[in-house]
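Welcome! Have a look at it first, then follow the notes below.

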Amino acid sequence: MKILAIETSCDETAAAIIEEKNYRPIVLTNIIASQIDIHAATGGVIPDVAARMHTEALPTVLQQATNRKRLDFDAVAVTTGPGLVGSLLIGVAAAKTIALERKLPFFAINHLEGHVYSSWLGESQPELPALIVIVSGGHTDLVIMERHLYYKVLGSTRDDAAGEAFDKVARLLDLPYPGGPAISELAQHGQADRYPLPIPMEDQNTFDFSFSGLKAAVGGLVKSLPQPLAAHVKADIAASFQDTVSRTISKKVQMALESYPGLKTVCLVGGVAANRHLRVELEKSVRVHRPDCRFIVPDAQFCTDNAAMIGAAAVFRHLFGHSDSWYDVVVDPNAPLT
Ligand code: KG4
Ligand code: ZN
């Protein structure tokens, strides 16, 4: 079974062909047209502009993913939410048209389920039950997955998502959008212990996250320092912030591992999982607290939004017999992970 997957939930226009082989998703093609340069000019994503860019980019992206029609496929999968409604509609309209035209099975995929299944795109596969840490621009969720396609959300962010905090702190430091890559690059030249920042909800016995207080603390710190900020000061702030986010996430993961001793794998997924410091620090923490637990973080290209992960989720929906009728499918900008 080869699946054409389409992802247009935010600011990446993406298509991929994923093949199911021996119960695993294999990436045959994976094409992403990023709108980052356009949105960098405005300092963030403008929904109407994103939708228009998807309309312009999608035909070429589809052509490239299908290798100029030389690669065939037997099913179509598409992200139906959560995301920006106008952006989602472009991908869903295209996917429905292709499925109708070719009379192919159709898979409606939750974007967060796509991030979850990015963990199955590497050599080493997760073993269930797994703890999935989703850290993206819109979400920060701790999820227990005892079996395929079923999720128990232990905790979520109460305000800003981890990626959103990176983007907002980047703005405070006059760094370009998206903030995550800019902060992690600058942080390499900084000292992480230079500015102690508060670990959000450190003493609270909850799996929820809250990053707006941390962002406000960075805002207060920036205001208290001589302006304009020197380059080395910005680097120290970036490193201190990045390290505080990593320690916050590691702490919650440690709590979850203690509460659920049967967990066999920890998977770190979503755009913020591309952050090297977080990858290294969380892995270290898991190794110390649960050396028997696998730690899986996808290749960076599968952390930020992509269609390969949507195809991977569709492979498992196919394996477990869950397909959808394209005419019943609607987009849901706020779709929860259920
Ligand atoms: O998963 P994603 O591509 O889109 C959503 O589903 O939201 O995540 C985008 C987020 C942005 O906030 C971006 O700043 C962040 O991921 N990000 C990073 C890095 N690369 C992307 N954050 C920290 N370090 C990175 N290297
Ligand atoms: Zn995403």
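N275 reaches ligand 1 through a polar side-chain atom, which lies 3.0 Å from a nitrogen atom of the ligand. Please keep in mind that this is a predicted model.

**Ligand 1 and its surroundings**

- Ligand 1 is surrounded by 21 residues. The closest of these are G137, D167, G180, G271 and D305.
- G271 comes in with its backbone: an N or O atom there is 3.0 Å from an oxygen atom of ligand 1.
- H111 uses its side chain instead, with an N or O atom 3.1 Å from an oxygen atom of ligand 1.
- On its own, ligand 1 would expose 550 Å², and the protein buries 88% of that area.

**The zinc ion (ligand 2)**

- Which residues coordinate the zinc ion? They are H111 and H115, each through NE2, and D305 through OD, at 2.0 to 2.1 Å.
- Why is the arrangement around the zinc ion called tetrahedral? The four donor atoms subtend angles of 98 to 133°, and four donors count as tetrahedral if all angles lie between 85 and 135 degrees.
- Along the sequence, the donor residues follow the spacing H-x3-H-x189-D.
- H115 sits in helix α4 (residues 111-117), while D305 is in the loop between β10 (294-296) and α10 (308-319), so this pair ties together parts that are 190 residues apart in sequence.
- H115 and D305 are both buried.

**Aromatic rings**

- There are six aromatic pairs in the structure.
- One of them joins Y117 and W120: the ring centres are 4.8 Å apart and the planes meet at 35°, so the pair counts as tilted.
- Are Y117 and W120 buried or exposed? Y117 counts as buried because its relative accessibility is 0%, and W120 is buried too, at 3%.
- Ring pairs also bring in F316, linking Y117, W120 and F316 into a cluster.
- W326 and Y327 form an edge-to-face pair, with 5.6 Å from centre to centre and 80° between the planes.
- W326 is partly exposed at 26% relative accessibility, whereas Y327 is exposed at 59%.

Definitions and conventions:
Residues numbered from 1 in each chain as written. Chains lettered and ligands numbered in written order. Predicted model: local features only at pLDDT ≥ 70, side-chain atom pairs only at ≥ 80, totals over all residues. Heavy atoms only, no water. Donors = N, O, S within 2.8 Å, 3.2 Å for Na, K, Ca; no water. Tetrahedral: all angles 85-135°; square planar, octahedral: opposite > 155°, others 65-115°. Helix = DSSP H or I, 4+ residues; strand = E, 2+ residues; numbered from the N terminus. Buried < 20%, exposed > 50% of the residue type's maximum accessible area, 1.4 Å probe, protein only. Near = heavy atom within 4 Å. Polar contact = N/O pair within 3.5 Å; in protein donor to acceptor, adjacent residues only side chain to side chain. Areas by Shrake-Rupley, 256 points an atom, 1.4 Å probe, with all protein chains shown as cover. Phe/Tyr/Trp six-rings, centres within 6.5 Å; stacked < 30°, edge-to-face > 60°.
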